[in-house]
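Please look at the charged side chains of this chain and at its open space.

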Amino acid sequence: MFCKGSVGFGPFWNHLLGYWKESLERPNKVLFLKYEDLKADINSNVKKVATFLDCTFTVEEERGGAIEDIIKLCSFEKMKELEVNKSGKSIKNFENKNLFRKGEIGDWANYFSPEMVQKLSKVMEEKLGGSGLSFKMLS
C-alpha cells in the first residue's frame, strides 16, 4: 500500500513531491527538512527553523543553552514518551505508537528484505525521478 501511495492520510508520493516543489518555488513559505539531514546537524537545523519562523536566537539565548534546551524538549525520545504518542490514535484509527521505533537513521533496513528495498527504490525513482528530491537508500 505504501509503494502505491495508499496511506490513511492521502497519496503519500503526491504530498511529498508537492511540498518539495513548493519549498523550491516559495522557500520563504515552505521549509522542507529531511529527518536524516536534521539528525546530521541538529543545531544548525534548529537555527534554520528559527530563522524560517523569523525567530532567530540572540547571542544571549545561544550562550544560555536555548538551542540545546529545544533539542532536548523536541527530541525523538521525548516525543515518543508523550502519552498521545503511546496510546493515541489518528487518521482511520491508526495507532500513533506505530510512528515511533528507534529514531535511528537507516533503521528501516532492519525491517525490509532485499526485495522490498529493490521495489521501494524503483517506486521512488518512478515517483521522484527528475525532481531533485532524493533519499539515501541502503542496498
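A salt bridge is a side-chain nitrogen of Lys or Arg within 4 Å of a carboxyl oxygen of Asp or Glu. By this rule the structure has five salt bridges. The model is predicted, so to speak of local features takes pLDDT of at least 70 and side-chain atom pairs count only at pLDDT 80 or more, while totals for chains, interfaces and linings use all residues. Residues are numbered from 1 along each chain as its sequence is written, and side-chain values use heavy atoms, with hydrogens and water left out.

Asp107 pairs with Lys102, with 3.7 Å between the closest N and O atoms. Asp107 counts as buried (under 20% relative accessible area; exposed is over 50%, partly exposed in between; 1.4 Å probe, protein chains only), because its relative accessibility is 4%. Lys102, at 44%, is partly exposed. Another salt bridge joins Glu95 to Lys97, the closest N and O atoms lying 3.4 Å apart; Glu95 is partly exposed at 33%, and Lys97 is partly exposed at 43%.

The largest pocket has 44 lining residues, and Phe12, Tyr35, Glu36, Leu99 and Arg101 lie nearest its centre. A pocket is an open set of points on a 1 Å grid over the protein atoms alone, where a 1.4 Å probe fits, with protein on both sides within 12 Å along at least five of seven lines; lining residues have an atom within 4 Å of a point. The lining comprises 29 nonpolar, six polar and nine charged residues, with Ala, Val, Leu, Ile, Met, Phe, Trp, Tyr, Cys and Pro counted as nonpolar, Asp, Glu, Lys and Arg as charged, and the others, Gly among them, as polar.
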